[in-house]
Amino acid sequence: MATLTLYSVAYDIARGLLGVLGSVLPAGARAVVLSGDAVTGLAVLVFAAVLLAASMLNTILLIWWERKLLGRFMDRRGAMHVGYAGLLQNFADGLKLFRKHTFPPREADGLGFYFGPTAYMVTSLAIFGILPISSGWNSGALPLSLLLALTIFSFAPLFIFVSAWSSNNKYSLMGGLRSAAQMIAYEVPLLLAVVAVVVLAGSFDLTTIVYEQRNYWFWGPLFLALIVFVAAMLAEMERIPFDLPEAEAELVEGWNTEYGGMLFAFFMLADYLRALVGSILVVLLFLGGWTLPSWVPAGLSSFPLAGILWFMVKTYAVFGLFVWVRASLPRVRTDQLLRVGWNRMIPLALLSVFLAAAVVTVRCVPVLGCVPSMGA
Amino acid sequence: MSEMWINMGPQHPMTHGLWNLRVRIDGEMIRDVDPEIGYLHRGIEKISEDRHYNEVITLMDRCCYVAGFAWEHLYILAAEQALHVTPPERAEYLRTMSDELQRIASHLMWYAAFVQDLGLMSPFLYGMRDRDLVLDLLQDYTGARMTYEYMRVGGVRSDLPAGFTDRARKVLDWLSDRFHEYDQLCLGSAIFRKRCDGLGVLRANDAVAHGVTGPMLRSAGLKRDLRKDRPYAAYDRLEFDVALADGADVTARYLVRMEELRQSVRIVRQVLDWLDRHPGPSVADRLPRWLGAPYAPIGNEGYLLKRSYPKGIGFSSVEEPHGEAQAYVVNDGGEHPYRVKFRSPVFANISAARQYLVGYHVADIPPIMGSVDVCVGEVDR
């Protein structure tokens, strides 16, 4: 059986669609339609559509997962009534937002007001074009895919600040300022923690990083980096305890105070897209991606699409951890957040880079033993 | 960044009611604050002058919507003094129990709102869930969850339904197990301590100068509790301790309110035991006739107005969940009170906002104001 990959699926769909189209066309047109270029062109479009649908669907599922988990943490049940176990509740909410009228404040800057959320959404979606989901399920071998993903990921404060400033609202402005300060402060430890992974894996390619975890997952030797990465990721995702840019107690809704309807939905979706990206990155960098440890029976990972399944399980588990944190911690204050970021996280991240370098140098991991092929 | 004024309110998640905190900020620092009230003024004192004594009770429930019983009790004590009526002992115990159940409900409401302001999501629902059990109890014997209209001049409207004391004990057992969990979620959290320790400090002398009372005053180490200092109802026959802390900050106020919850549970347990052992009338047998039938028969309005009754003045003060509330009722012999005047503790507590807010961060406003426990209904009346 040929292994299913994202491209083979996209090509099959494109070929099938064009075959249907070609069967009703005259012979001359049929040759053009069925030519390799046409199929490739449509396959790329199908590929993008599949990615878009999959990432959106997962985002909505993620919101459902959070609502259910939060509900249980809070001694209630979460969404219950729309669809089985409330699975369709978020679609209903999205539909409601879609029907709502969006009206910018009179004094708002029209261009920035619409540009901010749109660009925020688009960049958050773009990251999914880069992330590999399973072996063969990625957009191609990008040697710097990790770097590219994090670069796009770090665009966000710019767009948040644009939309906050153009809203012409004091709360939005304060939220935007906080958001910019926070994201820039936590970008540094985030990237340093990633550097530790890169040092150990010897590559910026996410697929290679997952492949390098075939002997042991990186969370063991890089536990410190994992902690720094998760904490910095919480700050980047603006979730409790680091959700002060939209601290509803003092800033109403922070930078999205003035947004309603679909533009608000864009922010909401993009937030969860980023949360999904964060969870996926944790899985890819520290938890072995779509692989299972060698002691797990082979039957659990040999059936078709097993990689994707395990990848999803891990991603949702990591996000469940984020939800748990959200359910049990209060929000920190801006100055405390920044102090922790600059004074604690960055030294810890640097330390984890040194640890990774040490592991690569001696080619041994304390508990897991020595591996000859380790590192670049 | 240059300084600017922002309006936190009247529609703002921090306010928990309709009021406006104007804040002058410099970046994230608070330079000045200016509390603005009056958005919820309903003229309760003036309306009271046009109502029969028992009809005013309806308004009292709406004075503070989370502590209706305390305000009913406050008014009833003043009205009874003005009308020379003495309630039976059982009614006093019933009122004490109502007061303390109300204090538990109010403090749980405060807990829920306060942790929500800090961004703690789950304890908000824990607090509301447990408050609901207390509201169920209140509904059990008054029929209402918020606006009870249970107390009457000369007693209470009705006695307890059968089996109430056992149901109440069950709820109290559940509650006293929960307080430990609340503390674990708050005091056990390093972030909570970071957000609350040393914040919103209001020392005892400043508190006294501004007329601040209640948990805010006790959190500054001043032992003042009207239930001990000027006992009313059955408090002089019950055992309890005054909750005290000495930090004068947000954490101290948290500690005081948590201790008060425990003490209230203790008081209600004693009252329930007493009520089980001492059946009896719950309303005085000698009442002014028009108190029993507040509405004048049509065509006979003049008849009621002409009745004269011994004049009197009533003054009462009650330890409300938010602080010391006072009432002044003047009876000039008619069937309406001539003048009714209240003193709201929260009014004084938020008037001192400049004392405990200036110099902190904007992000500190929700926890500090949350620790004040604002109830706008009684501020504006």
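**Reading the labels**

Modeller: This is a predicted model. In chain B, three strands form an open sheet in the order β1-β2-β3, with antiparallel pairing.

Biologist: Why are β1 and β3 of chain B said to stand at the edges?

Modeller: β1 and β3 (29-36) of chain B each have a single partner strand, so one side of each is left without a neighbour in the sheet. Direction ignored, neighbouring strands of this sheet are turned by 25 degrees against each other on average.

Biologist: How do you know that β1(B) and β2(B) are joined?

Modeller: Strands pair if there are at least two bridges between them. Five bridges join β1(B) to β2 (residues 20-26) of chain B, so the two count as paired. They run antiparallel. B:Met4, for instance, stands opposite B:Ile25 in β2(B).

Biologist: What makes the contact between α11(B) and α16(B)?

Modeller: The axes of α11 (residues 250-277) of chain B and α16(B) come within 9 Å and cross at roughly 35 degrees. B:Val250, B:Arg253 and B:Tyr254 of α11(B) make the contact with B:Pro367, B:Ile368 and B:Ser371 of α16(B). By class, this contact has four nonpolar, one polar and one charged residues.

Biologist: Why is the crossing of α11(B) and α16(B) called left-handed?

Modeller: The word is used if the near helix is turned anticlockwise from the far one by less than a right angle. The crossing of α11(B) and α16(B) is left-handed, so the near helix is turned anticlockwise from the far one.

Biologist: Which residues touch the most other members of the largest nonpolar core?

Modeller: That core has 212 residues, and those touching the most other members are A:Ala193, A:Val197, A:Phe229, A:Ala232, A:Val282 and B:Tyr75. Helix α12 (residues 261-286) of chain A gives the most to this core, with 19 residues.

Biologist: With which residues is A:Ala193 in contact, leaving aside its neighbours within four places in sequence?

Modeller: A:Ala193 is in contact with A:Ala225, A:Val228, A:Phe229, A:Ala232, A:Ala349 and A:Ser352. Contact here means C-beta atoms within 7 Å, so each of these residues meets that limit with A:Ala193.

Biologist: How many residues of chain B are in contact with chain A?

Modeller: 25 residues of chain B are in contact with 25 residues of chain A. On the chain B side, β1 (4-8), α5 (122-142), α7 (190-196) and α16 (365-372) give two or more residues each. By class, this side has 15 nonpolar, five polar and five charged residues.

How values were computed:
Residues numbered from 1 in each chain as written. Chains lettered and ligands numbered in written order. Predicted model: local features only at pLDDT ≥ 70, side-chain atom pairs only at ≥ 80, totals over all residues. Contact = placed C-beta atoms within 7 Å. Helix = DSSP H or I, 4+ residues; strand = E, 2+ residues; numbered from the N terminus. Nonpolar A, V, L, I, M, F, W, Y, C, P; charged D, E, K, R; others polar. Core = buried A, V, L, I, M, F, W, Y, C linked by C-beta atoms within 7 Å. Buried ≥ 20, exposed ≤ 12 C-beta atoms within 10 Å, placed from the backbone. Axes fitted to C-alpha atoms, helices over the stretch in contact; angles between N-to-C directions.
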